[in-house]
Structures are given as C-alpha cells and as structure tokens.
Protein chains: 2
Amino acid sequence: EDKTPRFATHQVGVAGFVFREDTQSVLVVKDRKSKFSYWKFAGGLSDLGEDIGDTAVREVFEETGVRTKFQSVMTVRQQHNQPGAFGRSDFFFVCRMKPLSYDINACSEEISACQWMNIQELHEGSKSVAPITRRILNLALYGLKEGFHNVDLYAEDMESIYRGLRYKLYHRPYPHIAESK
Amino acid sequence: EDKTPRFATHQVGVAGFVFREDTQSVLVVKDRKSKFSYWKFAGGLSDLGEDIGDTAVREVFEETGVRTKFQSVMTVRQQHNQPGAFGRSDFFFVCRMKPLSYDINACSEEISACQWMNIQELHEGSKSVAPITRRILNLALYGLKEGFHNVDLYAEDMESIYRGLRYKLYHRPYPHIAESK
C-alpha cells in the first residue's frame with residue numbers, strides 16, 4: 001500500500017546455534033535478567049546495518065568468548081507487540097554456527113551461566129528450555145541425523161539493482177536449472 | 001549488546017509467488033513508477049502488526065484482484081541502506097501462495113500491467129526480470145520438479161512465553177523426534 005507512511009517497524013534479534021561434534025554438545029547460556037530460568041542460545045539485537053550472520057558471530061563471542069562462523073539460517077520468528085520492542089515488532093533469527101574455538105571465556109555481565117551441554121541431555125527435557133529452543137533442538141537433531149541440507153537456509157551474496165549496493169538472500173539450495181543470466 | 005538503545009531498524013516488504021497449475025503460469029505485474037521495466041511478483045510493505053503471510057494475501061489482492069492463501073516462505077532478503085527506507089534496513093520475503101481465484105480485476109494505480117505468464121516463458125529470459133526474481137523462479141522450478149517440500153519454510157503458530165501473545169515461527173519441516181513437551 002503505497003500511501004502508508006514508511007517507517008521501520010521491526011527490531012532484529014539473532015541467536016547462534018553452536019554445536020561441537022566431539023562432545024555432541026550445544027553452547028547454551030542463562031540470562032541474568034530474565035524472569036525465566038531457561039537455557040538458551042547466545043544472542044542479541046543486531047546493530048543498525050549489521051547482517052544477521054555477523055550479529056550471531058558478534059553476540060556469541062561477546063556472551064561466551066567462543067569464536068564461530070555463520071553456516072545457515074535455521075528459523076525465523078515474527079512477533080508483534082513484543083514487550084521489549086516498544087509496541088513494535090520483532091524478527092528473531094537462529095543461525096547455525098560452526099565453532100572455531102571451544103574455550104568459554106568470562107561470560108559477559110548479562111549472562112549468569114554458560115556451558116557446552118550435551119544435546120541429548122538438553123533435549124530430553126530435564127533442563128529447562130523455552131518452546132522455541134525446543135523447536136531448534138528438534139530441527140538440529142533432524143539435521144544431525146539426516147543431514148543439515150534438509151534444514152538449512154543458505155546465504156547468497158547478491159548485487160542490488162541499485163548501484164553500489166549488495167544484499168544477502170536466504171533460501172534453500174537448488175541445483176542449477178538451466179538459467180539465462 | 002544490551003546497552004544499545006533499542007529501536008526499530010527494519011521495514012518489511014512481502015511479495016507473493018502465485019502459480020496456477022492449469023496453465024503453468026505465474027502472476028506477474030509491472031510497477032508504474034519503477035525506472036526498471038521488470039516483471040515482478042505483486043507485493044508491498046507490511047502494515048504495523050501484520051504477519052508476512054497476511055501482507056502477501058492483501059497486497060496480491062490489492063494489486064491484481066486475485067485471492068490467494070499463504071503456503072510457505074520461499075526466501076528472505078536483507079538489505080541495508082535501502083533507497084526507499086530512509087537509511088534504515090529492509091527485509092523482503094517472498095511467499096508461495098495458492099490462488100483461490102484466477103480473474104485479474106482492474107490493477108491498482110501503482111501497477112501498469114499484470115497477467116498470468118507461463119513460467120517457462122518467464123524463466124527463459126526473453127522477459128525482463130530482476131536477479132532476485134530469477135532466483136525465485138529457479139527455486140520454483142526446482143519445487144515443481146522435485147516437490148516444494150524441498151524449498152518451503154512452513155509457518156508454525158506458537159504461544160509466547162509472554163502471556164497472551166502468540167508468534168509465527170518459520171522453519172523447515174521435520175519428523176517428530178521423540179520430544180518432551
């Protein structure tokens with residue numbers, strides 16, 4: 001609807017799903033300030049102009065000291081009237097991240113605990129996680145079993161029709177259909 | 001980073017990929033105001049508080065008169081310094097839509113042309129489309145060939161941990177891993 005005034009409506013949060021193969025563990029944290037005592041994935045709000053993969057790298061590092069590399073987007077949540085968003089809306093992305101280091105350095109002041117936790121232990125329900133976290137764990141277990149190519153959305157870096165600009169396009173992989181470029 | 005002031009950073013645009021089986025055609029439009037003479041999918045900006053699937057239904061109807069139903073998300077684009085976004089950022093979603101009617105009613109004033117165009121004709125390059133549109137067509141052709149379950153992200157309606165709120169979670173389908181709820 002072209003007549004609607006255009007203004008930014010959404011803030012963007014990103015969390016990183018970081019899995020280490022050797023111990024089959026997931027990097028999880030507890031929020032110091034949350035009223036819920038959930039284990040969750042490290043994450044936070046994107047800075048203005050920051051790509052979601054870069055937010056994931058930055059936030060995981062800031063909260064845990066673990067260095068990671070973006071692999072894919074696993075899920076996106078859209079929520080309106082988000083309590084922390086001043087009546088606006090929120091997109092929350094969970095990115096699958098490859099760990100480049102394993103040592104957990106002093107957690108940031110926002111985090112009361114962080115550790116590598118075995119994925120089965122986390123999934124079985126003895127540990128407290130939010131429903132969305134449980135969905136990601138289900139997706140991850142499916143990906144570990146059958147291959148993450150069934151689960152992932154990959155980033156493609158593309159040139160915009162507006163000169164000098166680029167953008168990231170997230171989509172499922174496909175074989176190259178005979179295309180005219 | 002908790003110290004960063006929180007404010008909305010992104011506007012949200014949504015387009016609908018609408019395919020009719022009987023003629024193997026895609027619903028496409030031309031923007032009256034664009035400097036590019038591209039065929040594109042009908043779409044527009046989300047209203048505040050509007051879910052992306054609802055934006056797709058509304059915009060396709062407003063621009064073409066065709067009634068549709070949301071099926072899945074096919075792709076999401078993130079762009080910064082978007083010309084139409086006042087220096088902020090932009091998420092653009094393309095949703096796969098099922099047509100509930102076929103008749104094209106008077107196109108809105110923003111649209112100079114709209115029609116059902118055969119997908120092969122559109123894809124083969126004799127018609128002018130933007131690179132992102134070409135990506136969607138590739139994804140769609142792959143989906144038509146091998147099944148859209150390889151391409152789609154489905155919406156799951158979920159209850160928030162914040163009382164009274166719900167949200168939509170978009171992710172790949174997975175078989176029910178034995179889960180504790």
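In chain B of this predicted model, strand E7 (residues 154–159) and strand E8 (residues 166–171) run antiparallel and are joined by 6 bridges. You can pick out one position in this pairing: B:Asp157 has B:Lys168 in E8(B) as its bridge partner. Between the two strands of this hairpin lie 6 residues, and B:Gly164 takes a positive phi near 85° there.

Strand pairing also reaches across the chains. Strand E9 of chain A is joined by 4 bridges to strand E4 (residues 68–80) of chain B, and these two run antiparallel. Here A:Tyr170 stands opposite B:Val76 in E4(B).

How many residues does each chain bring to the contact? Chain A gives 77 residues and chain B gives 77 residues. The size of an interface is often given as the accessible area lost when the parts come together. Between chain A and chain B, the buried area is about 7,000 Å², and carbon and sulfur atoms give 60% of that.

The rule finds 2 salt bridges between chain A and chain B. In a salt bridge you can look up yourself, the side chains of A:Glu156 and B:Arg135 meet at 2.8 Å, N to O.

Which elements of chain A give two or more residues to the side that touches chain B? They are strands E1 (10–20), E5 (68–80), E6 (89–99), E8 (154–159) and E9 (166–171), together with helices H1 (52–64) and H3 (131–146). H3(A) provides the largest share, with 8 residues. Sorted by kind, the residues on this side of chain A divide as follows.

| Kind of residue, chain A side | Number |
|---|---|
| Nonpolar | 34 residues |
| Polar | 19 residues |

Finally, how do the two chains relate? Chain A is superposed on chain B by a rotation of 180° with 0.0 Å of shift along its axis, at an RMSD of 0.0 Å. That is the relation of a two-fold axis. The same surface serves both copies, as 100% of the contact residues of chain A recur in chain B.

Key. Residues numbered from 1 in each chain as written. Chains lettered and ligands numbered in written order. Predicted model: local features only at pLDDT ≥ 70, side-chain atom pairs only at ≥ 80, totals over all residues. Heavy atoms only, no water. Contact = heavy atoms within 4.5 Å. Buried area = accessible area lost by both parts, 1.4 Å probe. Salt bridge = Lys/Arg side-chain N within 4 Å of Asp/Glu carboxyl O. Nonpolar A, V, L, I, M, F, W, Y, C, P; charged D, E, K, R; others polar. Pairing = 2+ DSSP bridges. Least-squares fit on C-alpha atoms with pLDDT ≥ 70 in both.
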